[in-house]
Each structure stands twice: as C-alpha cells, then as structure tokens.
Amino acid sequence: MSQSVSLAPIAEDVYAAPQLTPDAMAAAAEAGFKAVINNRPDMEGGPEQPTSAAIEAAAKAAGLAYAHLPVNGGYQSPEEIARCAELLKTLPRPLLMFCRSGARSTRLYQQAIALED
C-alpha cells in the first residue's frame with residue numbers, strides 16, 4: 001500500500017484504514033489483502049467521497065472480496081455488529097476495513113469479536 005495510507009493492525013490478519021479510493025483497491029490486493037469492508041455510508045463526506053459502487057467495482061477488478069457495511073460513527077446497532085461478526089467469519093483474510101479515519105472500523109471489529117466471548 002502507498003506510504004500515504006496509514007494501516008493500523010487491529011488483529012493478526014485484520015487492518016483498519018482511513019477512507020480508501022477506488023485506486024487503492026489494486027494496491028490493497030498487491031499488498032496481499034484478500035477482502036475489504038467499507039464501513040462508511042455513501043455521501044457521508046459529501047460528493048467528493050468515492051461511492052461504495054465505485055470502490056466495489058475496483059475491488060472486484062483487483063480480485064478482492066468486497067462488503068459494504070455502512071455504520072454511523074457514534075453508534076453501531078446490535079444488527080450491524082452481528083453483520084460484521086458474520087462478515088469476519090466468512091470473508092477471506094487478510095482483511096482491510098475502512099471508514100473516515102479508521103476508528104469506527106476498529107470499534108466495530110472489537111464489538112463484533114466480543115459477541116463470540
């Protein structure tokens with residue numbers, strides 16, 4: 001991945017990142033990632049934010065599995081957390097999750113794995 005993208009490891013094979021662009025999908029695949037979860041709602045950052053559809057098309061073109069699980073920055077519902085847990089069980093690893101800053105994806109991951117405790 002580019003030096004400009006800061007990846008934060010949140011598990012052995014799961015990383016969080018700030019907003020990614022369609023162009024970043026090829027770099028993610030080259031870096032060894034197998035799947036991407038986009039946790040950012042479309043248009044949250046305004047019209048300059050890439051859409052999920054554009055990122056998904058680029059991810060699939062790069063050979064990545066892709067899931068869009070948009071969640072609010074301040075609150076993730078029990079249903080959203082359960083859906084994330086399911087995605088974590090089914091998507092190939094290593095996995096890259098992203099949102100605006102990476103913090104929301106990290107919190108969502110932590111809540112999803114807590115369901116298994």
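Let's start with Arg-40 and Glu-44: their side chains meet in a salt bridge, 2.5 Å from N to O. By salt bridge I mean a side-chain nitrogen of Lys or Arg within 4 Å of a carboxyl oxygen of Asp or Glu. This is a predicted model, so local features need pLDDT of at least 70 and side-chain atom pairs count only at pLDDT 80 or more, while totals for chains, interfaces and linings use all residues. Residues are numbered from 1 along each chain as its sequence is written, and side-chain values use heavy atoms, with hydrogens and water left out.

Back to the pair. Arg-40 counts as buried, at 8% relative accessibility. Glu-44 is partly exposed, with a relative accessible area of 37%. The cut-offs: buried is under 20% relative accessible area, exposed is over 50%, partly exposed is in between, with a 1.4 Å probe and protein chains only.

Glu-44 has another partner. The side chain of Arg-104 meets Glu-44 in a salt bridge at 2.9 Å, N to O. That pair links distant parts of the chain: Arg-104 sits in helix α4, residues 103–114, and Glu-44 in the loop between β3 and α2, 60 residues apart. Arg-104 is buried too, at 6% relative accessibility. So what do we have? Arg-40, Glu-44 and Arg-104 form a network of salt bridges.

How many salt bridges does the rule give? The count comes to 4. One of them joins the side chains of Arg-93 and Asp-13, at 2.7 Å, N to O. Arg-93 is in the loop between α3 (78–90) and β5, and Asp-13 is in the loop between β1 and β2, so this pair ties together parts 80 residues apart in sequence. Arg-93 is partly exposed at 30% relative accessible area. Asp-13 is partly exposed at 27%.

Now the sheet. Helices (H or I, at least four residues) and strands (E, at least two) are DSSP runs, numbered from the N terminus. Two strands pair if DSSP finds at least two bridges between them. Here, 5 strands form an open sheet, in the order β1-β2-β5-β3-β4, with mixed pairing. β1 (8–11) and β4 stand at the edges with a single partner strand each, so one side of each has no neighbour in the sheet. The twist averages 25° from one strand to the next.

Look at β5. Strand β2, residues 14–17, runs parallel to β5 and is joined to it by 4 bridges. β3 also runs parallel to β5, again with 4 bridges. Met-97 in β5 stands opposite Ala-16. Met-97 stands opposite Ile-37 as well. Phe-98 in β5 is the bridge partner of Ala-17. Which way do the side chains point from β5? Leu-95 and Met-97 go one way, Leu-96 and Phe-98 the other, and all are buried.

Last, helix α2, residues 52–61. It lies across β3, β4 and β5, at about 165° to β4. Axes are lines fitted to C-alpha atoms, for helices over the stretch in contact, and angles run from 0 to 180 degrees between N-to-C directions. Ser-52, Ile-55, Ala-58 and Ala-59 of α2 are buried. Seen down the axis, these fall within an arc of 135°, so they line one face of the helix. The arc is that of the directions from the helix axis to the C-beta atoms. What covers them includes α1 (23–30), β3 (35–38), β4 (65–68) and β5 (95–98). Contact here means heavy atoms within 4.5 Å. On the other side of α2, Ala-53, Lys-60 and Ala-61 are exposed.
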